[in-house]
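Welcome! Let us walk through this structure together, going from the overall build of one chain to the places where parts meet.

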Amino acid sequence: MEDSGLLDAVLPEFSSQHPGYVIKVIAVGSGEALALAERGDADIVISHSPAAEERFMAAGHGRARTPIMANDFVLVGPAEDPARVQGASITAALAAVAAARAPFVSRADDSGTHARERALWRDAGIDPSGEWYMQIGQGMGEALRIASERAGYTISDRATYLALSHALYLNVLVEGDEGLRNVYSVITTSRGRNHAGADSLATWLAGSAGQQRIGAFGADDFERSLFEPLAPRD
Amino acid sequence: MDVFIESLREAGRLLLSGDAYVWQILLLSLQVSGAGVLLGLIFGLPVGIAVGLLRFPGRGLAIALIHTGFALPPVVVGLFVYMVFSRAGPAGHLELLFTPTSMVIAQALLAAPYVAGISMAAVQAVPPDVRLQARGLGASRARALLTHLAEARLGLFAAVVAGFGAVISEVGAVMMVGGNIAGETRVMTTAIVLETRRGNFATALAFGLVLLTLAFVVNALLTRAQQARVRAGVHRPFA
C-alpha cells in the first residue's frame with residue numbers, strides 16, 4: 001500500500017487539521033505490522049489480512065478495528081503469458097502457472113498479500129515449490145519489479161500495480177474473481193503509547209473527510225480511483 | 001537479555017545442525033563475495049599499484065577518487081547496476097538482474113576502491129631503495145617490480161581482507177540487484193533483514209553471528225597464509 005502512495009496523498013490533510021500529532025509511517029507487510037503493534041511499537045495499524053487481524057483482536061492486542069477501504073488483487077504477468085492464464089479464474093490460473101512451471105514471485109513476507117496468495121494456492125489445491133516459485137521476503141514493489149525483470153507472474157493489489165505499471169513489463173491477466181477482493185482495516189492498538197492520537201486518526205480515516213480522500217486517490221493519474229471507500233461511520 | 005542468549009544458542013544450533021537453508025545461504029554469500037572481491041582485485045590491484053608507484057599528472061585527483069570510493073554507498077552502486085541490467089537498461093538483454101551474477105558485479109564495484117586504495121598505500125610504504133637496489137644488483141625492471149610487490153605483500157593481503165570485509169557485510173547492493181530470492185539470491189545480510197522484518201530477532205541476530213564467524217574464519221585463513229609467507233620470506237626478500 002505504501003508503494004501506491006496512498007498515505008502520502010491522505011495523511012497531510014489529517015496532519016494539517018491535527019497539528020498536535022506527528023505521524024511516522026512504518027511501511028511493512030500486514031503480518032509484520034501486526035507483530036510490531038503486538039510489541040507495542042505502533043499506536044495504529046492499517047492492515048489487510050482479515051484472518052490475522054481477527055487473531056490479533058481476539059488476543060486483546062487491538063482496541064478497535066474498522067474496515068476503511070477495499071480494492072482488489074490482480075494476477076499480473078508477462079504479455080506473452082506463457083502459462084496461458086488470461087481470463088481464467090484465479091485458481092485455474094495458478095494451477096496453469098504451476099503446471100507450466102512458469103516463474104512466479106511470492107512475497108513470502110507474511111504480508112496480507114502473501115497471506116492471500118497462500119490461501120489462493122490452497123484453494124487451487126497446490127503446494128507451490130521449486131525453482132519457478134521465487135520467494136523474496138520483500139514488499140509489493142520489489143515483487144512486481146522482480147516479476148517484470150524475470151518475466152514471471154505475481155499477485156498484486158491493483159493500486160500498487162497501477163502506480164508502478166509505467167516501469168513494469170507486466171499486464172493484468174486475471175481480475176474480478178471473488179477470491180481477489182481485498183479489505184483494509186484500521187486498528188488502534190492496546191500497547192500503543194498515544195491512544196488519543198490513534199483514536200483521532202482512526203476516526204478521521206473512517207469519517208467523511210478521510211473516506212472522501214481515499215475515494216479520490218488515483219482518479220487523476222489513473223482515471224479510476226484505486227481504493228473503494230467503505231461507508232463513513234460518523 | 002533473554003533474546004541475546006537465545007540468539008547465541010540459535011546461532012550455534014544453525015551452524016552445527018547442518019540446516020540446508022542456512023548452509024545454502026552461507027555458501028552463496030561466500031561465492032558471491034568471493035567472486036566479487038576476486039573481480040575487484042583484477043581491477044583494483046593494477047590501479048592501486050600503478051597509482052602508488054608511478055608519477056603522472058592528475059595523480060592527486062586519481063588518489064582522491066579512489067578514496068572517495070571508500071564512501072561509495074552500496075545502494076548507489078546497486079542502483080547503478082540495477083539501471084544497467086534492468087530490461088529498460090543498456091544491458092537488459094543479458095537478463096542478469098536478480099541473479100547472483102549481478103550481485104557479483106555490484107560487489108566487485110564496491111570492493112575495487114578498497115583494493116586499489118589499500119594496495120596503493122602498501123606499495124608506497126615500501127622504501128623506493130628496494131627497487132633501486134634490485135636494479136643495481138642487475139634485476140630487470142619486471143623483476144625489480146616483483147621484488148617491490150613482495151615487500152608490500154602484507155599490505156596487499158590487507159587490501160584483500162578489507163575488500164572482502166566490505167562486501168560480505170553490505171546489504172544495500174545485494175538486496176537491490178539480487179532481490180533476496182530464497183535459494184537463488186538470498187545471502188546472509190539479506191536474510192538478516194528479512195528475519196528482522198518478520199520479527200524473528202533471535203534468528204536474525206544468529207545469522208549475524210554466523211556472518212561474523214564466517215568473516216573470522218576467512219580472515220584467520222588469510223592471516224595464516226600471510227604470516228606463513230612472512231616467516232618463509234623475511235630473510236630472503238630477493239629469493
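Helices (H or I, at least four residues) and strands (E, at least two) are DSSP runs, numbered from the N terminus. Counted that way, chain A has ten helices and eight strands. Please keep in mind that this is a predicted model, in which local features need pLDDT of at least 70 and side-chain atom pairs count only at pLDDT 80 or more, while totals for chains, interfaces and linings use all residues. Residues are numbered from 1 along each chain as its sequence is written, and chains are lettered from A and ligands numbered from 1 in the order in which they are written.

Let us begin with the overall form of chain A. Its C-alpha trace spans about 55 × 40 × 25 Å along the principal axes. The radius of gyration, taken over C-alpha atoms, is compared with a globule rule of 2.2 Å times the number of residues to the power 0.38. For 234 residues a compact globule would have a value near 17 Å, and the 18 Å of chain A agrees with this. A residue is called buried if 20 or more other C-beta atoms, placed from the backbone, lie within 10 Å of its own; such residues make up 49% of the 234 in chain A.

Next come the domains, whose bounds are from an automatic or database domain assignment. Domain 1 of chain A takes in 2-70 + 181-229, and domain 2 covers 72-180. Their centres, taken over C-alpha atoms, are separated by 25 Å. Two residues are in contact if their C-beta atoms, placed from the backbone, lie within 7 Å, and 19 residues of domain 1 of chain A are in contact with 20 residues of domain 2 of chain A. On the domain 1 side, α2, α3 (50-58) and β7 (181-189) of chain A each give two or more residues, with α2(A) giving the most, three residues.

Now look at where the chains meet. Here 17 residues of chain A are in contact with 13 residues of chain B. On the chain A side, the elements giving two or more residues are α2 (30-38), β4 (133-135) and α6 (140-149). The largest share, four residues, comes from α6(A).

Finally, turn to helix α7 (residues 141-151) of chain B, whose buried residues are B:Thr147, B:His148 and B:Glu151. They lie on the same side of α7(B), because they cover an arc of only 100 degrees around the axis, the arc being that of the directions from the helix axis to the C-beta atoms. What covers these buried residues includes α5 (100-125) and α6 (129-136) of chain B.

How values were computed. A residue is buried if 20 or more other C-beta atoms lie within 10 Å of its own, exposed if 12 or fewer, and partly exposed in between; C-beta atoms are placed from the backbone.
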